[in-house]
Amino acid sequence: MNGCLEAEEQRDQRPDQELTWSHRPGPGSTLDRAKAMAPPAPLLAASTPLLHGEFGSYPARGPRFALTLTPQALHIQRLRPKPEARPRGGLVPLAEVSGCCTLRSRSPLDSAAYFCIYTYPRGRRGARRRVTRTFRADGAAAYEENRAEAQRWATTLMCLLRGLPLPGDGEITPELLPRPPRLLLLVNPFGGRGLAWQWCKNHVLPMISEAGLSFNLIQTERQNHARELVQGLSLSEWDGIVTVSGDGLLYEVLNGLLDRPDWEEAVKTPVGILPCGSGNALAGAVNQHGGFAPALGLDLLLNCSLLLCRGGSRPLDLLSVTLASGSRCLSFLSVAWGFVSDVDIQSERFRALGSARFTLGTVLGLATLHTYRGRLSYLPATGEPASPTPTHGLPRAKSELTLAPEPALPMAHSPLHRSVSDLPLPLPQPALASPGSPEPLPILSLNGGGPELAGDWGGAGDAPLSPDPLLPSPPGSPRAAVLSPVTEGPPEIPAPSGLPHPCPDSLAAASTWGPPDHLLPPLGAPLPPGWVTMEEDFVLLLAISPSHLGADMVAAPHARFDDGLVHLCWVRGGISRATLLRIFLAMERGSHFGLGCPQLGYAAARAFRLEPLTPRGVLTVDGEQVEYGPVQAQMHPGLGTLLTGPPGGES
């Protein structure tokens with residue numbers, strides 16, 4: 001393809017990789033980190049040429065190219081042996097690029113330098129595939145000059161990917177790039193159809209390594225394990241917590257942050273989600289925010305991974321939910337009652353089907369359609385508040401790479417509560433090298449025999465390539481800053497005097513800290529003036545924060561992560577099964593409110609109270625079943641921070 005090296009691989013056949021970066025001391029707190037994050041890059045026209053040059057290919061006997069880098073894409077034109085009138089694959093949108101690296105030949109006679117970009121374009125059938133493109137900087141006789149040119153291109157590309165401003169007239173050097181972000185990845189190995197660990201190993205870890213993100217990964221063992229882990233974290237040492245699972249694991253993380261005595265700062269820790277579960281609602285909203293077409297399964301995971309590699313975040317509205325016992329929990333997604341919660345919980349027995357469990361559950365729910373008597377009260381939004389100024393999440397990473405591939409792992413079940421890391425993080429469990437092995441991950445040379453690297457930079461007769469870091473660590477510097485151990489369970493703190501303790505009968509654990517709900521009177525007390533109350537027979541009631549109820553279900557089309565609103569949707573009794581089915585089918589396009597269904601209602605609110613009058617039913621918060629009874633909630637605008645990547649117009 002255009003004569004440059006392109007290696008396309010199936011992810012389930014490629015080995016794990018480990019990436020090592022030199023670290024610099026980071027800020028001491030989440031607020032300090034937020035202040036230290038880079039300002040937004042100046043707006044440039046999409047077609048403004050930033051760099052232009054002529055490069056060779058790898059292997060060296062291949063054709064030569066003219067490369068032009070703009071803020072939106074890398075343009076590739078073949079020059080020799082014969083220019084192409086219609087270049088194939090000659091445009092590489094930056095939205096499809098995960099990262100890049102600089103390389104040098106292992107032959108002492110080769111004075112050229114190389115840089116490689118990792119891309120994930122869509123194939124003919126729409127699925128993404130991995131493609132590497134390696135170019136040869138050989139315009140000068142001396143290696144150091146060629147190396148400086150390769151570094152200039154790699155640095156500029158990484159600045160564009162991470163939204164860093166480029167100097168107007170100054171020299172572009174690797175010193176423009178800050179230290180790599182440090183991420184804590186939490187993986188539920190049983191997420192979705194049990195493919196979460198396999199997808200993480202084969203797709204997520206290699207991609208974030210290509211992007212230069214330092215990470216530590218822990219597999220969760222049990223329900224609320226992630227909640228216990230984040231309660232004991234030293235959060236100042238992490239730039240973000242990313243869950244690799246469905247929505248349930250992020251629910252645990254956010255409520256674990258709320259359980260800390262320093263919850264006000266802890267809840268601002270940037271969180272992200274890489275969808276490997278059956279319910280991927282928030283990932284669907286992130287995917288839409290990033291400008292990608294609706295996707296499911298592996299395509300959705302690759303889209304969200306690309307966005308995570310780009311960095312950037314948004315404020316995240318969080319809903320403080322008070323349950324009948326007086327305990328509280330934090331919701332980032334939805335509170336559901338009626339048909340939606342019935343389908344969610346009753347389809348648990350079909351979890352092996354992945355997202356198809358909800359389709360089957362919907363069919364079964366329609367066959368036994370119920371109505372529920374209840375009283376809904378809400379405080380209407382007086383006007384949609386202005387969206388807070390977007391924040392920048394992860395510090396942007398350097399483009400220097402030191403790849404360390406691992407041999408392909410055998411297909412055996414891995415022990416739980418093990419970790420994979422490119423950070424020397426002390427953990428209360430052994431590091432995971434391969435399923436069943438307690439040995440730590442070895443650091444291998446670039447061309448250590450892995451099949452991927454033989455295809456990428458094996459040379460086909462040329463001398464193989466080695467990494468050429470942009471900013472090598474000074475002599476004697478540690479490979480990374482030593483971080484504090486991850487401890488399980490909450491820190492030892494005195495019992496809080498404000499909010500009541502969680503009820504032991506609650507099916508989903510509740511939090512004891514958190515912001516005051518100043519808009520809400522005590523549950524059961526009369527509501528203040530200005531509230532709207534309706535008593536109806538409901539088929540369903542949904543209080544949702546983001547736009548998506550599922551990866552392919554847009555329940556609140558105009559919702560944003562930081563609009564400060566809870567979007568109330570309800571369906572009254574008297575609706576036919578056929579009409580309810582049409583509503584859910586239209587929800588895939590977000591057009592259900594245009595059907596003109598008289599039983600379908602909507603209101604934007606700042607707080608609400610639900611009082612079920614039917615004695616039996618199911619209530620869920622973010623898909624997790626909670627105690628049944630009266631419930632009330634208040635939206636707290638911008639309380640959290642969500643790693644989203646750049647908006648679609650900037651991808």
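Before I use any of that, a word on what's on the screen. This is a predicted model, where local features need pLDDT of at least 70, side-chain atom pairs count only at pLDDT 80 or more, and totals for chains, interfaces and linings use all residues. Residues are numbered from 1 along each chain as its sequence is written, and side-chain values use heavy atoms, with hydrogens and water left out.

How far do we trust it? pLDDT is the predictor's confidence in each residue, from 0 to 100. For the protein chain the mean is 76, with 70% of the residues reaching 70 or more. Then there's residues 384-419, where pLDDT is below 50; that stretch still has 170 contacts in the model beyond near neighbours in sequence. A contact, by the way, means heavy atoms within 4.5 Å. Residues 423-455 also stay under 50, and there the model has 102 contacts beyond four places in sequence. Where pLDDT is low, the predicted coordinates should not be read in detail.

Now the overall count. The protein chain has 12 helices and 27 strands. Of its 651 residues, 59% count as buried; buried is under 20% relative accessible area, exposed is over 50%, and partly exposed is in between, using a 1.4 Å probe and protein chains only. If you take contacts between residues at least 6 apart in sequence, 76% of them join residues at least 24 apart.

β3 (residues 64-69) and β4 (residues 73-80) pair antiparallel, over 6 bridges. They make a hairpin, with 3 residues between the two.

Zoom out and you get an open sheet of 8 strands, in the order β5-β4-β3-β2-β8-β7-β6-β19, with antiparallel pairing. Its edge strands are β5 and β19 (465-467), each of which pairs on one side only. Neighbouring strands in this sheet are turned by 35° against each other on average, direction ignored; the axes behind that are lines fitted to C-alpha atoms, for helices over the stretch in contact, and angles run from 0 to 180 degrees between N-to-C directions.

So what about the inside? A nonpolar core here is a set of buried Ala, Val, Leu, Ile, Met, Phe, Trp, Tyr and Cys residues joined through side-chain atoms within 4.5 Å. The largest one has 94 residues, and those with the most contacts inside it are Leu186, Ile208, Val253, Val321, Phe332 and Phe608. Why does it lie between domain 2 (182-314) and domain 3 (335-382 + 514-637)? Because both of them give residues to it; those bounds come from an automatic or database domain assignment. There's also a second, separate core of 29 residues, including Phe135 and Tyr143.

Let me show you a strand that's well covered: β12 (residues 271-275), with 5 of its 5 residues buried. Val271, Ile273 and Pro275 are on one side, Gly272 and Leu274 on the other. β12 runs parallel to β11 (residues 240-245), joined by 5 bridges, and isoleucine 241 stands opposite valine 271.

Alanine 196 is in helix α3 (residues 196-210), and is buried at a relative accessible area of 0%. Leaving out residues up to four places away, leucine 282 touches Asp247, Leu250, Ile273, Phe332, Pro546, Phe561 and Leu642.

Last stop, β20 (residues 532-544). β20 runs antiparallel to β15 (residues 334-338), with 5 bridges, and to β16 (residues 372-380), with 7. β23 (residues 566-572) pairs with β20 too, antiparallel over 6 bridges, and there leucine 541 has tryptophan 570 as its partner.

Technical notes: Helices (H or I, at least four residues) and strands (E, at least two) are DSSP runs, numbered from the N terminus. Two strands pair if DSSP finds at least two bridges between them.
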